[in-house]
Amino acid sequence: MDTHEKGFFTEENSVEVVIGRNANARDERLKEVIAVITRKLHEAVKEIEPTQEEWFKAIMFLTDTGHLCNEWRQEFILLSDVLGVSMLVDAINNRKPSGASESTVLGPFHVADAPELPMGANICLDQKGEDMVIHGRILDTEGRPIANAVLDVWQANDEGLYDVQQKGIQPDFNLRGVFRTGEDGRYWFRAVKPKFYPIPDDGTVGKLLGDLGRHPYRPAHLHFILKADGFETLTTHIFDPHDPYINSDAVFGVKESLLADFRRVDDQNRARELEFSGWFWEVEYDFVLARPQPR
Ligand code: BEZ
Ligand code: FE
């Protein structure tokens with residue numbers, strides 16, 4: 001018997017037999033990953049003791065999930081999102097020094113080629129929704145402004161829909177924009193207050209959420225990717241703390257440090273300066289970027 005052969009498969013020695021068979025793997029990392037997955041998976045199967053029907057149902061769930069994936073839809077990422085795995089991988093890969101802004105999930109609605117806009121531009125191109133101004137600074141962990149930082153923002157509209165979900169209804173690049181800071185590290189732009197929305201829930205993941213007694217909603221948020229030379233790229237959101245789903249985000253993306261104050265402002269003079277017609281929302285939020293971390 002070769003050293004990697006541990007005898008015939010039994011319920012008791014299943015893990016050793018399967019892991020032993022991979023002894024000559026060409027890739028050490030792959031070998032380690034498969035060993036861990038084998039251990040955890042066999043442990044789960046031994047605890048669950050599925051019937052043949054239940055196991056087939058699980059296989060069909062994964063098969064159907066795969067069939068839903070195409071150029072625009074990635075049902076496996078959604079599955080990873082609702083199981084908390086996306087946020088766990090994000091946390092492991094984005095451990096930040098104290099004081100740096102925290103990251104959260106990217107989500108499927110980022111568009112790579114959004115237009116670069118002058119500071120102060122209104123990213124709402126269809127005049128729909130409640131006016132909002134957002135401003136703040138992009139800082140390093142010592143509180144110094146970062147010049148030439150690039151802020152890429154995207155958000156859903158007042159009905160909870162992104163432009164890419166309503167092609168031909170919303171203008172292209174509605175509620176998206178790229179801004180570049182000057183020496184003072186400040187940014188500001190105008191938008192509309194976003195609304196909560198469901199993650200795509202017409203597939204296997206939506207059905208799973210329903211069967212688990214869970215809703216598919218994400219609380220209202222704005223997405224950001226912040227980049228600056230010499231700093232780690234930050235992918236994050238800011239959230240409305242008064243949103244009805246703030247404590248039950250379907251994808252676990254909310255962090256306390258990402259709650260922003262959405263203030264209702266009734267000030268005619270400021271509204272006129274901002275070219276708003278009446279009251280508006282104001283959000284002030286500073287982002288702090290970290291230097292690259294040793295791993
Ligand atoms: C989003 O916020 O755009 C999002 C994140 C995860 C899954 C679906 C949508
Ligand atoms: Fe989103």
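View 1. Taken over C-alpha atoms, the centres of domain 1 and domain 2 are 44 Å apart. Domain 1 covers 1-49 and domain 2 covers 82-289, with bounds that come from an automatic or database domain assignment. This is a predicted model, so please keep in mind that local features need pLDDT of at least 70 and side-chain atom pairs count only at pLDDT 80 or more, while totals for chains, interfaces and linings use all residues. Residues are numbered from 1 along each chain as its sequence is written, chains are lettered from A and ligands numbered from 1 in the order in which they are written, and side-chain values use heavy atoms, with hydrogens and water left out.

View 2. On a 1 Å grid over the protein atoms alone, a pocket is an open set of points with protein on both sides within 12 Å along at least five of seven lines, whereas a cavity is a set where a 1.4 Å probe fits but cannot get out; lining residues have an atom within 4 Å of a point. Points are joined across faces, edges and corners, and a volume is the space filled by probe spheres set on them. The largest pocket lies between domain 1 and domain 2 because both give residues to its lining.

**View 3. The lining of the largest pocket.** Of the 24 lining residues, A58, F61, L62, L79 and L83 lie nearest the centre. Helix α3 brings the largest share, nine residues; α2, α3, α4, α5 and α6 each supply at least two. Helices are DSSP runs (H or I, at least four residues), numbered from the N terminus. The lining has 17 nonpolar, two polar and five charged residues, where Ala, Val, Leu, Ile, Met, Phe, Trp, Tyr, Cys and Pro count as nonpolar, Asp, Glu, Lys and Arg as charged, and the others, Gly among them, as polar.

**View 4. The second largest pocket.** This pocket has a volume of about 680 Å³. Its lining numbers 25 residues, and W72, G107, P108, F109 and H110 lie nearest its centre. Helix α4 gives the most, three residues. By class, the lining divides into eleven nonpolar, six polar and eight charged residues.

View 5. Residues around ligand 1 (a heavy atom within 4 Å) include L78, D81, Y162, I199, H221 and V251. Oxygen atoms of the ligand lie 2.5 Å from a polar side-chain atom of R218, 2.6 Å from one of Y197 and 3.0 Å from a side-chain N or O atom of H223. Taken alone, ligand 1 exposes 260 Å², and the protein buries 100% of that (Shrake-Rupley method, 1.4 Å probe).

**View 6. The largest cavity.** The search of the whole structure finds one cavity of 30 Å³ or more. About 100 Å³ of space lies in the largest cavity, and its lining includes V105, P200, R218 and H223. Eight nonpolar, two polar and two charged residues make up this lining.

Technical notes
Polar contact = N/O pair within 3.5 Å; in protein donor to acceptor, adjacent residues only side chain to side chain.
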